[in-house]
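Trainee: I am new to this structure. Please pick one part and take me through it closely, then show me how the rest is laid out around it.

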Amino acid sequence: MAMTKEIQVLKSIYPPQVMMKSAYMFLDRVYVHITEDENTWTVHFAAKGAELPVNIGEEFENVLIAQAVRGMVYQKTHHLREMLLARAMTSSIVDTGNPLKQIKADQQTDDEELADILEDWFEKHE
């Protein structure tokens, strides 16, 4: 069984972010080394154990495609996700009550609790 393998990846198809994300997904299984020339990246895989996984090159190519598609979907939908998140956040911030009344009520509760805490238990219960 081979201990190393390398594949060529065209730069014209996959941006650097896709390459790095794809390589990252294999770090737990193999050692990954990437070199480049003008038109391609060369991805070198080396076994971490006794053997290199059989279809490591094909798996890497599938992950490249998956990461590229994820990037495309992100580019097409990130504005919508940001808008939905902004709406969700603003609707959760709206307070219909009177904040001054709430502050006063909280302070009175705190004063009562503090007075109770500071009271000598023996004086109160003997």
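Mentor: Start with Glu 126, which is placed in the segment after helix H4 (121–125). Keep in mind that this is a predicted model. Is Glu 126 buried or exposed? Glu 126 is exposed, because its relative accessible area is 75% and the cut-off for exposed is over 50%. Glu 126 gathers with Glu 119, Asp 120 and Glu 123 on the surface. Together these four make a patch of negative charge.

Next, step back to the whole protein chain. It has 4 helices and 3 strands. Along the sequence they follow the pattern β-α-β-β-α-α-α. Of the 126 residues, 19% count as buried.

Now turn to the strands. Take E3, which covers residues 40–47. How many of the 8 residues of E3 are buried? The count is 6, so E3 is largely enclosed by the rest of the structure.

What does E3 pair with? One partner is strand E2 (residues 30–36), joined to E3 by 7 bridges. E2 and E3 run antiparallel. They form a hairpin, with 3 residues between them. Follow the pairing residue by residue. Tyr 31 stands opposite Ala 46 in E3. Thr 35 stands opposite Thr 42 in E3.

Strand E1 (residues 4–10) pairs with E3 as well. Here too 7 bridges do the joining, and the two strands run antiparallel. Find Ala 46 again: this residue of E3 is the bridge partner of Thr 4. So Ala 46 links up with Thr 4 and also faces Tyr 31, by the bridges that DSSP finds.

Finish with Val 32, which lies in strand E2. Its relative accessible area is 23%, which means Val 32 is partly exposed: buried would need under 20%. Compare that with Glu 126, exposed at 75%. Now find Lys 5. Val 32 and Lys 5 are 27 residues apart in sequence. In space, C-alpha to C-alpha, Val 32 and Lys 5 are 9.9 Å apart.

Technical notes
Residues are numbered from 1 along each chain as its sequence is written. This is a predicted model: local features need pLDDT of at least 70, side-chain atom pairs count only at pLDDT 80 or more; totals for chains, interfaces and linings use all residues. Side-chain values use heavy atoms; hydrogens and water are left out. Patches are made of residues with over 30% relative accessible area and no salt bridge: like charges are joined within 9 Å, nonpolar side chains (Val, Leu, Ile, Met, Phe, Trp, Tyr) within 5 Å. Accessible areas come from the Shrake-Rupley method with a 1.4 Å probe; for residues, only the protein chains shown count as cover. A salt bridge is a side-chain nitrogen of Lys or Arg within 4 Å of a carboxyl oxygen of Asp or Glu. Lys and Arg count as positive and Asp and Glu as negative; His and the chain ends are not counted. The place of a charge is taken as NZ of Lys, CZ of Arg, CG of Asp or CD of Glu. Buried means under 20% relative accessible area, exposed over 50%, partly exposed in between (1.4 Å probe, protein chains only).
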